[in-house]
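Please look over the structure below before reading on. The paragraphs after it go from the whole chain to one part of it.

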Amino acid sequence: MKNKAYAVLAALACLLFASSAFADKPVEWQTNFQSAATGIMEEITWFEHYTLWFIIPITLFVLLLLIIVVIKFRESANPVPSKTSHNTAIEVVWTVGPVVILLFLAIPSFQLLTAQLTPPANPDLTLKATGNQWYWSYEYEVGESPLTFDSIMMKEEDRAALGKEDKKEYPRLLAVDNEVVVPVGKTVRVLVTAADVIHAFAMPAFGVKIDAVPGRLNETWFKAEREGLYYGQCSELCGKDHAYMPIAIRVVSQEKYDTWLAAAATNVGDANKALMASIDSAKTVDVAANAAQ
Ligand SMILES: [Cu+2]
């Protein structure tokens, strides 16, 4: 009984600690997920906390058993060891117990996996992301001719030219020249592939991580619920500059997206600058990013 109470306390402490460190950009010694910007990521965060309710009590229970065995059955206290080799009741318990626990973990886990990999039937926007050594290129399936552009990690010397002096909003190694721009609250289908070697498209705040494989089209989706600027990284070791091919997604209102899309058809760089100016004036920028994988 006492052990159970301690387990619950420990799990509770863990949950409190976990939720206090949420931030929209990386913080020193961050150990938790970034705050969720999609329903899927909310479910992932819930599932991570849920599994702790199993992991922590089991760990404490095993530790307690070890302590009992060490003390009770030490040589001085127990000079003649028992020669018991079978106990049917114990064998049934330690087989059925873990099976039941694994079912409690497997069922929500598979439900979540299915939700992640089953895009809603009618996406509002289809975006193709192609991994290249070492940058991402994007293609928007819109209008007569698709919009395409490359998204390359911003070099420090280009900050001023790109108007990205704010290091909190545009962190070193995460900021790019051209962000992906998507409307808030809309379902975005993402088709992911690669042009050379295997990469992986990952956006932690969206709960998205999927391999980019040459000759193969993987499909995922997200529906961002908050406007902001989100950062992710290539998450499959793909060569010497693997660490330098970040992913940046800017979530904006439908109106801002429409304006951007119209302008991007002629010049992506100018469209981005106009978008940044309209956002800066509204002061709604919310930066999210993750640490290197
Ligand atoms: Cu990579």
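The protein has six helices and 11 strands. The model is predicted, and its pLDDT averages 86, with 87% of the residues scoring at least 70. Residues 10-23 have a pLDDT below 50, and in the model this stretch makes 20 contacts beyond near neighbours in sequence.

Of the 293 residues in the protein, 38% count as buried. Among contacts with a separation of 6 or more, 69% join residues 24 or more positions apart.

Now turn to helix 2, which covers residues 39-72. How far apart are its end C-alpha atoms? They are 50 Å apart, and this agrees with the span of 50 Å that 34 residues should give at 1.5 Å a residue.

Which residues of helix 2 are buried? They are I40, M41, I44, T45, F47, H49, Y50, T51, L52, F54 and I56. In an α-helix there are 3.6 residues a turn, so residues three or four places apart point the same way.

Is V62 buried or partly exposed? V62 has a relative accessible area of 42%, so it counts as partly exposed, given that buried means under 20% and exposed means over 50%.

Notes:
Residues are numbered from 1 along each chain as its sequence is written. This is a predicted model: local features need pLDDT of at least 70, side-chain atom pairs count only at pLDDT 80 or more; totals for chains, interfaces and linings use all residues. Side-chain values use heavy atoms; hydrogens and water are left out. Helices (H or I, at least four residues) and strands (E, at least two) are DSSP runs, numbered from the N terminus. Buried means under 20% relative accessible area, exposed over 50%, partly exposed in between (1.4 Å probe, protein chains only). Contact means heavy atoms within 4.5 Å. The expected span of a helix is 1.5 Å times one less than its number of residues. pLDDT is the predictor's confidence in each residue, from 0 to 100.
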